[in-house]
Number of protein chains: 4
Amino acid sequence: MKKKAEERKNQILRAAFQAMSVQGYNSVTLQSIADHAEVSKGVVHYYFKNKEDTLSQLLEWLTNKIYNYELASVNSESTPLGKLKAYVNSVFVAPEKNAKFYRVYLDFLSQAGQNETYRKINHHFYQNCWGITSDIITSGQKTGVFEQNINIENTSKTMRAIIDGLLIQWLMNEDINSHQYYKETCYQSFLDLLKVN
Amino acid sequence: MKKKAEERKNQILRAAFQAMSVQGYNSVTLQSIADHAEVSKGVVHYYFKNKEDTLSQLLEWLTNKIYNYELASVNSESTPLGKLKAYVNSVFVAPEKNAKFYRVYLDFLSQAGQNETYRKINHHFYQNCWGITSDIITSGQKTGVFEQNINIENTSKTMRAIIDGLLIQWLMNEDINSHQYYKETCYQSFLDLLKVN
Amino acid sequence: MKKKAEERKNQILRAAFQAMSVQGYNSVTLQSIADHAEVSKGVVHYYFKNKEDTLSQLLEWLTNKIYNYELASVNSESTPLGKLKAYVNSVFVAPEKNAKFYRVYLDFLSQAGQNETYRKINHHFYQNCWGITSDIITSGQKTGVFEQNINIENTSKTMRAIIDGLLIQWLMNEDINSHQYYKETCYQSFLDLLKVN
Amino acid sequence: MKKKAEERKNQILRAAFQAMSVQGYNSVTLQSIADHAEVSKGVVHYYFKNKEDTLSQLLEWLTNKIYNYELASVNSESTPLGKLKAYVNSVFVAPEKNAKFYRVYLDFLSQAGQNETYRKINHHFYQNCWGITSDIITSGQKTGVFEQNINIENTSKTMRAIIDGLLIQWLMNEDINSHQYYKETCYQSFLDLLKVN
DNA sequence: AATGAATGAGTATTCATTCAT
DNA sequence: GATGAATGAATACTCATTCAT
């Protein structure tokens with residue numbers, strides 16, 4: 001049954017996410033993924049070709065989940081500034097979630113240097129993210145809230161850079177309470193880049 | 001002789017940097033570090049307590065080297081805009097060097113989630129970097145090239161975020177020629193943040 | 001299947017005994033234990049946590065085996081003197097077996113100085129051994145073959161000391177034929193201690 | 001200078017004894033011996049061929065020291081019973097000394113199974129020990145305190161067995177206060193064997 | 001005589017992967 | 001489909017020994 005198999009895979013991917021967020025890319029074992037999923041070790045190999053395949057699919061599943069969440073948040077708003085605010089809120093969603101995701105995501109980024117597949121999946125994620133901000137900027141320029149001569153591509157890339165860069169800084173920080181501070185810093189820098197007076 | 005030992009350690013750290021930039025944090029072996037340094041495996045253990053100690057000292061050595069280079073570049077200029085430009089040039093120094101450093105640096109960042117020591121060394125590096133931009137902003141505000149009401153702390157963090165975020169994007173990019181593009185994007189976003197007309 | 005696992009462990013313990021009797025505690029490797037058991041190295045780690053765990057269980061298995069053999073031998077006799085003789089015969093069972101066991105046992109005793117676990121297992125073995133002679137002495141005192149005012153505890157300890165001490169002397173001896181001589185010396189000294197005229 | 005070299009060797013042997021009593025035969029390193037002797041690692045190799053040679057000479061030095069001490073103690077007494085008492089006192093000299101010596105001695109005994117040299121040195125020590133008790137028994141038989149028909153050889157071996165066996169038992173004991181108890185048990189068993197009314 | 005830097009052989013341990021049941 | 005027993009490659013680390021200084 002296809003449905004069942006899909007559920008099994010999701011169950012394992014969730015377990016892999018959980019395991020990796022605790023142990024890190026290099027320390028996570030198929031055994032611990034199986035343990036988190038409450039299945040036997042053989043099951044993981046039954047649904048995934050090998051360890052790399054499992055983690056590749058985790059990266060894909062994870063980045064899609066994040067992208068879809070951000071997209072839905074932005075689409076729930078109608079004004080450009082509303083969308084921008086919603087985007088930042090969806091990115092800085094909550095300390096625990098951000099920490100968990102970025103720990104895992106950083107691991108994948110560091111692996112991507114040696115791994116073509118991860119690099120491609122991540123590149124697709126980037127394009128999705130750039131698309132979100134491109135749309136926001138375009139709509140803002142149409143309604144005149146953002147300046148006209150802003151380079152959309154450059155700014156989208158910079159905006160994602162700020163998000164990644166700030167969340168990495170926040171992750172390296174001992175002070176988990178700084179989450180709100182980093183969110184506001186991020187939003188303010190977006191306004192500066194878009195020259196919202 | 002102390003001098004000799006110091007040279008030996010540097011030789012090994014250079015080799016470790018080389019090895020890690022090729023193989024990544026998890027795949028690098030003490031054997032390959034020894035091979036790169038053209039010494040026997042035992043030598044690495046003679047000068048460093050263990051693998052983690054070796055790589056900790058590599059991170060420290062590396063971030064200090066980068067910081068000192070950036071600082072010297074900035075200090076070689078006298079005007080705020082000259083310093084800003086010099087900073088960006090020193091950060092985006094050359095494709096090969098950036099790729100090598102950021103591959104290794106990303107590995108350490110991803111390990112930092114599980115490793116207090118790495119986190120601390122990196123935090124010190126961050127503070128040094130924030131210090132560089134703080135000084136530039138302060139001098140720019142004094143001479144009136146930058147706006148007065150810019151929050152120095154927030155902006156310094158954002159600027160480092162942009163650097164990290166953009167260089168990670170560039171690293172994930174297949175097109176190595178985009179280095180110049182990312183450098184210019186970085187510089188332009190700095191001007192926007194500092195509200196240079 | 002539980003039964004199968006138990007057999008596997010016994011197979012490995014027998015192999016460990018064999019390997020240790022030849023190579024000694026410090027020279028025995030998990031590889032050589034695996035070789036003796038005709039399994040792969042990984043199997044040993046599958047059934048035992050680590051090397052120390054393997055050898056701990058070997059000591060326990062071994063001392064229990066010896067104790068049970070001695071107990072059964074003594075119980076097969078009904079008279080005190082018969083039991084005493086049976087005990088000595090079961091202890092000095094055969095040159096090859098004694099040599100094999102005492103070589104291994106001495107290794108464990110020497111490790112026990114640094115190893116709490118070994119010390120505990122050995123202490124339990126001692127208590128079992130003292131129990132055997134205590135019972136023999138008690139029954140001999142009841143029937144009047146042994147003197148009444150013998151201190152059972154002291155004598156039991158001395159008897160075990162004689163066994164250990166003589167078998168160590170025999171083991172250090174080049175002359176393997178002296179086994180019979182040491183057995184008789186042991187038995188005679190027991191009679192002296194129990195004041196059998 | 002021969003004198004100086006002899007002192008150096010003794011200094012190293014004392015250090016080796018100290019180190020081995022703490023770390024055990026297998027864990028002791030030439031480095032730790034050198035550390036205890038407060039000399040460099042190279043010095044040990046300068047005065048001894050290799051590790052085994054160092055430890056062989058330690059065993060010889062140690063057993064000779066013990067033997068000479070026991071012999072002197074016995075010779076300081078004139079009556080057979082006095083000598084016997086002195087012997088037991090010299091053997092059970094003090095808890096710390098006994099523990100230190102027997103820990104090291106047991107290590108050597110366990111190695112002797114694989115090491116001809118250790119076996120030979122130990123055999124010589126045994127002969128010396130048997131000689132002490134033989135002399136005591138002979139003198140006791142002459143004066144009539146001990147029974148005439150005691151087999152001197154057998155009894156000497158049994159007496160050493162009791163000493164070794166009891167001190168091993170004591171060493172395995174958690175209760176260091178039992179030293180006195182074991183000494184008395186030893187002495188009483190000697191009286192029983194020698195049939196002193 | 002003495003030092004300690006350098007070597008490299010040897011080993012416990014981990015874990016992805018396979019496959020018989 | 002699912003299990004988990006078995007395999008063995010890979011690697012950090014220790015330490016006796018050598019030897020240039």
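This is a predicted model: local features need pLDDT of at least 70, side-chain atom pairs count only at pLDDT 80 or more; totals for chains, interfaces and linings use all residues.
How many residue pairs are in polar contact between chain A and chain B?

Residues are numbered from 1 along each chain as its sequence is written, chains are lettered from A and ligands numbered from 1 in the order in which they are written, and side-chain values use heavy atoms, with hydrogens and water left out.

Back to the question. Between chain A and chain B there are 14 residue pairs in polar contact, both residues at pLDDT 80 or more. A polar contact is a pair of N or O atoms within 3.5 Å; within protein, one must be able to donate a hydrogen and the other to accept it, and residues adjacent in sequence count only if both atoms are side-chain atoms.

Which elements of chain A face chain B? Helix 1, helix 6 (95–112), helix 7 (116–143), helix 8 (152–172) and helix 9 (179–193) of chain A each give at least two residues to that side. Helices here are DSSP runs (H or I, at least four residues), numbered from the N terminus. Helix 8 of chain A gives the most, with 12 residues. By class, this side of chain A has 14 nonpolar, 15 polar and 10 charged residues. Ala, Val, Leu, Ile, Met, Phe, Trp, Tyr, Cys and Pro count as nonpolar, Asp, Glu, Lys and Arg as charged, and the others, Gly among them, as polar.

Now the extent of this interface. Chain A puts 39 residues into the contact, and chain B puts in 39 residues. Contact means heavy atoms within 4.5 Å. The size of an interface is often given as the accessible area lost when the parts come together. Chain A and chain B bury about 3300 Å² between them, 56% of it on carbon and sulfur atoms. That buried area is the accessible area (1.4 Å probe) that two parts lose on being put together, summed over both.

Salt bridges next. The count between chain A and chain B is 2. A salt bridge needs a side-chain nitrogen of Lys or Arg within 4 Å of a carboxyl oxygen of Asp or Glu. B:K195 forms one with A:D192, with the closest N and O atoms 3.3 Å apart.

Which chains do not touch? Chain A and chain D do not, and their nearest C-alpha atoms are 30 Å apart. No contact joins chain B and chain C either; their closest C-alpha atoms lie 22 Å apart.

Let's look inside chain A. Chain A is divided into domain 1 (1–48) and domain 2 (50–193). Those bounds come from an automatic or database domain assignment. Over C-alpha atoms, the centres of the two domains of chain A are 26 Å apart. In chain A, 18 residues of domain 1 are in contact with 17 residues of domain 2. The two domains of chain A bury about 1700 Å² between them, 69% of it on carbon and sulfur atoms. On the domain 1 side, helix 1 (2–23), helix 2 (30–37) and helix 3 (41–47) of chain A each give two or more residues. Helix 1 of chain A has the largest share, 9 residues.

On to the DNA. DNA strand E is surrounded by 29 residues, and the closest are B:V43, B:Y46, B:Y47, C:K41 and D:Y47. A residue is near a strand if one of its heavy atoms lies within 4 Å of it. Sugar and phosphate make up 67% of the atoms of DNA strand E that come within 4 Å of the protein. The side chain of B:R8 has an N or O atom 2.8 Å from a phosphate oxygen of DNA strand E. For the side chain of D:R8, the corresponding distance to a phosphate oxygen of DNA strand E is 3.1 Å.

Last, DNA strand F. It is surrounded by 30 residues, the closest being A:Y47, B:K41, C:R8, C:Y46 and C:Y47. An N or O atom in the side chain of C:R8 is 2.7 Å from a phosphate oxygen of DNA strand F. What does A:K41 reach with a polar side-chain atom? That atom of A:K41 lies 3.4 Å from a base nitrogen of DNA strand F.
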